[in-house]
Amino acid sequence: FAGELLKPLSKPFRGAIERVLRNFALSLLVDTRYYDQISDYVENHHLNGRLVYLKIDTSKEYEPLLFEDSTMLYSQMEVKSDTPFYDYLRHRLYYDFDYRLCEDISCFRRHKKALTKHGQVRQSGSRHEKDDRYDINDERRLVLGWENREKILKLQEDLNSIREKIDYLKESIKASKLELQTLENRRDTLRDVLRFEIFETIDYY
């Protein structure tokens with residue numbers, strides 16, 4: 001997948017970059033040599049989900065690019081050096097994700113294609129978007145990079161927290177059942193006592 005071969009270098013903009021690149025990052029890169037096999041497999045199997053894959057000619061030669069402007073998104077990305085998709089990915093970043101990384105909203109307004117660290121995106125001058133359905137710094141949603149240790153640790157923390165909540169709820173349910181049993185016993189005792197309308201009935205002395 002593309003995301004496994006791309007790593008953000010800017011920590012302040014990491015969450016915003018993750019948002020912008022997410023759809024592309026989740027795309028499967030397929031070398032033209034394996035295109036027939038992949039397309040046949042996808043056609044003949046139910047995937048239980050959505051898959052986007054891109055047919056890439058890794059033998060194609062690309063013109064050299066200079067990533068000199070540090071305020072551009074593509075300059076804040078590292079491409080895994082040993083991948084056959086290296087040149088393709090650099091060109092995709094350069095031509096399709098040429099967003100200006102803006103520290104303030106005035107910079108954002110000046111550029112037709114811009115991104116703020118809070119995740120507001122401006123595309124083609126007129127279209128603007130900000131998706132706050134989840135926390136921009138939620139490490140569980142990270143898809144970029146070839147090292148996922150931070151994401152695994154965060155998921156493990158969440159798993160441990162959920163287990164603790166489950167244990168707590170189990171104990172609460174157990175305690176509630178005991179309390180209910182006690183109340184039912186008291187109810188039954190009172191019911192039995194109320195059956196006697198005359199005191200002499202239970203006066204054995």
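How many of the 205 residues in the chain are buried? Buried residues make up 29% of them, where buried means under 20% relative accessible area, exposed means over 50%, and partly exposed covers what lies in between, with a 1.4 Å probe and protein chains only.

Before going further, a word on the model. This is a predicted model, in which local features need pLDDT of at least 70, side-chain atom pairs count only at pLDDT 80 or more, and totals for chains, interfaces and linings use all residues. Residues are numbered from 1 along each chain as its sequence is written, and side-chain values use heavy atoms, with hydrogens and water left out.

## The overall build

The chain has 5 helices and 8 strands; these are DSSP runs numbered from the N terminus, helices being H or I of at least four residues and strands E of at least two. Read from the N terminus, the order of the elements is β-α-β-α-β-β-α-β-α-β-β-β-α. The chain is more spread out than a compact globule, because its radius of gyration is 30 Å, well over the 17 Å that the globule rule gives for 205 residues. That radius is taken over C-alpha atoms, and the rule is 2.2 Å times the number of residues to the power 0.38. Along its principal axes, the C-alpha trace spans about 110 × 50 × 30 Å.

## A pair of strands and the helix between them

Strand β2 (residues 28–31) and strand β3 (residues 53–56) run parallel and are joined by 4 bridges; two strands pair if DSSP finds at least two bridges between them. Within this pairing, V30 stands opposite K55 in β3, while D31 has I56 of β3 opposite. In a regular strand, side chains alternate between the two faces of the sheet.

Together with helix α2 (residues 35–44), β2 and β3 make a right-handed β-α-β unit. Right-handed here means that, with the strands pointing away from the viewer, the path from the first strand over the helix to the second runs clockwise.

## Pockets and a cavity

Next come the spaces in the model. They are found on a 1 Å grid over the protein atoms alone: a cavity is a set of points where a 1.4 Å probe fits but cannot get out, a pocket is an open set with protein on both sides within 12 Å along at least five of seven lines, and lining residues have an atom within 4 Å of a point. Grid points are joined across faces, edges and corners, and a volume is the space filled by probe spheres set on the points.

| Space | Volume | Lining by class |
|---|---|---|
| Largest pocket | about 650 Å³ | 9 nonpolar, 6 polar, 9 charged residues |
| Second largest pocket | about 400 Å³ | 6 nonpolar, 3 polar, 8 charged residues |
| Largest cavity | about 70 Å³ | 3 nonpolar, 1 polar, 6 charged residues |

In these classes, Ala, Val, Leu, Ile, Met, Phe, Trp, Tyr, Cys and Pro count as nonpolar, Asp, Glu, Lys and Arg as charged, and the others, Gly among them, as polar.

Of the 24 residues that line the largest pocket, R14, L142, L144, E147 and E150 lie nearest its centre. Its lining draws at least two residues from each of β1 (6–8), α1 (14–25) and α5 (149–194).

The second largest pocket is lined by 17 residues, and the closest to its centre are R19, V20, R22, N23 and E129. Here α1, β7 (121–123) and β8 (127–129) each supply at least two lining residues, with α1 giving the most, 5 residues.

A search of the whole structure finds 1 cavity of 30 Å³ or more. Among the residues lining the largest cavity are G15, E18, R19, R22, Y134 and D135.

## Some loop residues

Most residues other than glycine have a negative phi. N48, in the loop between α2 and β3, has a positive phi of about 55 degrees although it is not a glycine. S124, in the loop between β7 and β8, also has a positive phi, near 55 degrees. N48 is exposed, with a relative accessible area of 69%, and S124 counts as exposed at 67%.

Which loop holds F67? F67 lies between β3 and β4 (77–79) and counts as partly exposed, at 21% relative accessibility. F67 and R109 are 42 residues apart in sequence and, C-alpha to C-alpha, 23 Å apart in space.
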